[in-house]
Amino acid sequence: MTNDHIIAWSECLEIIKQNVNQQSFKTWFEPIKSTKLNEHILTIQVPNKFFYEWLEEHYVSVLKKAIRNVLGDQGRLEYQFMVENHRKIGKEAANDLYVDPTDEIKNPFVIPGIKKVKIESQLNPNYIFDNYIEGDCNRLARSAGKAIAERPGKTAFNPLVIFGDVGLGKTHLAQAIGNDILEKHPKTQVLYIPTERFTNQVIDSIKRNALNDFMHFYEMIDVLIIDDIQFLAKKPKTQEIFFNIFNQLHQGGKQIILTSDRPPKDLLDMETRLISRFKWGLNADLSTPDYETRKAILKTKMAKEQIELSDDVIDFICYNIENNIRELEGVLISLIAQSTLNKRKIEVDLAKEVIRQFISQVNKEISVENIKKLVADHFKVPIDKLQGKTRKRAVVIARQLSMYLAKNYTTNSLKSIGQNFGNRDHSTVIYSVQAVKDMMDTDLLFKDTVAELEKKVKLSLHD
């Protein structure tokens, strides 16, 4: 039957539709046409090499599944571009598609009737402004991003270069801008891509003699988001190609958003003309979030995970995880896992164990001596009295409170803590800890004193 290939491809599309999201299906499969079916070989036509390469990178397993279901285990798929050059996917070569770079393929975009396809953004839908907490550390960049989302390519923030250390939310913010643009301007062509993947695409396009297709593809983009631009260093050919793409997009009023681990002026092994263009728009710094912002971020993540933590645990985490927002989420996930698997209540002790998986020590781990000094200073008693046998009430309370804090904020064993207080045994430490808890239950003023000293202990982790 002359229509066998149409029927076979229609059946394949039904299977593919069940395995990819709607946007991906419209972008990458609806433009494909079947041309012939010879026994177990189905030939499909794609617009160009870059389209083919994208299918190779992202959807080979889906295509393989569809072909095998429709044509059997011997089923194979043969690609055909808008001209009559093609290559095959054999059942044993699903991840090794190859196009001979010696093939001379005309630029398919000069052929009449080729439609501009909708490009899949590659954005993570979880990266949105609603869960990107604003603070002094990111206010400028976030505000610029919101303005860009309203009028992409029409503000003074083009390009927008977001820079800062690892884990401060550069990727989240860049993708939040992209997602907000798509929500406000659904027809906009937005593409997010890490620099390393962009570089690999350049290399593949050169090898396959498809650089024209590659350039044309990127010229169709309305909003280009490139992550970790510093990785263009020492790649002169990729820099040259990106320079040309940058110019075409910028001159066309398209929006460019870049992230980097340092400001453009500090980028090494980068062409001067490229760096100068990075400075055309806004360079926005993401700095380390302060304690209040970290706490707000953690509480947002807690709400998302539907988990509640005590204020003590929240404070302990936020005082210790300072420089990497990503680690806040990691700590939270680990706490949930440890609590669930080991049936342990999430308390400061468990948080302390988990945090040590992320940092070499709980910042500057406080010692019993540090705690004794803090408490002695607060109660205005000589520090040596905490180790003595005096039974004066002020000294006894200071001693018991020191043991309580040492138990909660150091790694010392009960025996070791007791030895630090005049060689007292572990049972004395247990009694002191309980005595402090009892006093906190009955004396609100004392409870406030404990809270104040706990704050000083946590702050001293960073002294």
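User: What makes Phe 198, Phe 214, Phe 217, Tyr 218, Phe 242, Phe 246, Phe 278 and Trp 280 a cluster?

Analyst: In this predicted model, ring pairs link these eight named residues, Phe 198, Phe 214, Phe 217, Tyr 218, Phe 242, Phe 246, Phe 278 and Trp 280. A search of the whole structure finds eleven aromatic pairs.

User: Why is the pair of Phe 198 and Phe 214 called tilted?

Analyst: The ring centres of Phe 198 and Phe 214 are 5.6 Å apart, and rings pair if their centres lie within 6.5 Å. The planes make an angle of 55 degrees. Stacked requires under 30 degrees and edge-to-face over 60, so the pair is tilted.

User: Which parts of the chain does the pair of Phe 198 and Phe 214 tie together?

Analyst: Phe 198 belongs to helix α7 (residues 195-207) and Phe 214 to helix α8 (residues 211-219), so the pair ties together parts that are 16 residues apart in sequence.

User: Are Phe 198 and Phe 214 buried or exposed?

Analyst: Buried means under 20% relative accessible area. Phe 198 has a relative accessibility of 1% and therefore counts as buried. Phe 214, at 0%, is likewise buried.

User: How do you know what kind of pair Phe 242 and Phe 246 form?

Analyst: Their ring centres are 6.1 Å apart and their planes stand at 70 degrees. An angle over 60 degrees counts as edge-to-face, so the pair of Phe 242 and Phe 246 is given that name. Both residues lie in helix α9 (residues 236-251), four residues apart, about one turn of the helix. Phe 242 counts as buried at 1% relative accessibility, and Phe 246 counts as buried at 1%.

User: What surrounds Phe 242, and what is its place in the largest nonpolar core?

Analyst: With neighbours within four places in sequence left aside, Phe 242 is in contact with Phe 198, Leu 224, Ile 226, Ile 229, Leu 232, Leu 258, Leu 274 and Phe 278. The largest nonpolar core has 54 residues, and Phe 242 is listed with Ile 16, Phe 29, Tyr 218 and Leu 224 as those with the most contacts inside it. Another core, of 52 residues, lies apart from it and includes Met 302, Ile 366, Val 368 and Val 375.

User: What makes helix α12 mostly covered?

Analyst: Eight of the ten residues of helix α12 (residues 311-320) are buried. The buried residues are Val 313, Ile 314, Asp 315, Phe 316, Ile 317, Cys 318, Tyr 319 and Asn 320.

User: Why is Arg 294 called buried, and what does Arg 294 touch?

Analyst: The relative accessible area of Arg 294 is 6%, and the limit for buried is under 20%; Arg 294 is therefore buried. Arg 294 is part of helix α11 (residues 291-305). Not counting residues up to four places away in sequence, Arg 294 touches Pro 289, Cys 318, Tyr 319, Ile 321, Glu 322 and Leu 328. A polar atom of the Arg 294 side chain lies 2.8 Å from the backbone oxygen of Pro 289.

User: How do you know that Lys 372 and Glu 369 form a salt bridge?

Analyst: The closest N and O atoms of Lys 372 and Glu 369 are 2.9 Å apart, and the limit is within 4 Å. Both residues lie in helix α15 (residues 368-379), three residues apart, about one turn of the helix. Lys 372 is buried, with a relative accessible area of 0%, whereas Glu 369 is partly exposed at 40%.

User: What else does the charged end of Lys 372 sit over?

Analyst: The charged end of Lys 372 sits over the ring of Phe 421, 5.3 Å from its centre. The cut-off for that distance is within 6 Å. The charged end of Arg 273 sits over the ring of Phe 243, at 3.8 Å from its centre.

User: What makes Glu 240 and Lys 237 a salt bridge?

Analyst: Their closest N and O atoms are 3.9 Å apart, and the cut-off is within 4 Å. Glu 240 and Lys 237 both lie in helix α9, three residues apart. Glu 240 is partly exposed at 33%, and Lys 237 is partly exposed at 42%.

User: Which residues are linked in a network of salt bridges?

Analyst: The network links Glu 134, Asp 136, Arg 139 and Arg 142. Glu 134 forms a salt bridge with Arg 139, with the closest N and O atoms 2.8 Å apart. Glu 134 counts as partly exposed at 36% relative accessibility, and Arg 139 counts as partly exposed at 36%. A search of the whole structure finds 14 salt bridges.

Note on methods
Residues are numbered from 1 along each chain as its sequence is written. This is a predicted model: local features need pLDDT of at least 70, side-chain atom pairs count only at pLDDT 80 or more; totals for chains, interfaces and linings use all residues. Side-chain values use heavy atoms; hydrogens and water are left out. Rings of Phe, Tyr and Trp (its six-membered ring) pair if their centres lie within 6.5 Å; planes under 30 degrees apart count as stacked, over 60 as edge-to-face and the rest as tilted. Helices (H or I, at least four residues) and strands (E, at least two) are DSSP runs, numbered from the N terminus. Buried means under 20% relative accessible area, exposed over 50%, partly exposed in between (1.4 Å probe, protein chains only). A charge sits over a ring if NZ of Lys or CZ of Arg is within 6 Å of the ring centre and within 35 degrees of the ring normal. A nonpolar core is a set of buried Ala, Val, Leu, Ile, Met, Phe, Trp, Tyr and Cys residues joined through side-chain atoms within 4.5 Å. Contact means heavy atoms within 4.5 Å. A polar contact is a pair of N or O atoms within 3.5 Å; within protein, one must be able to donate a hydrogen and the other to accept it, and residues adjacent in sequence count only if both atoms are side-chain atoms. A salt bridge is a side-chain nitrogen of Lys or Arg within 4 Å of a carboxyl oxygen of Asp or Glu.
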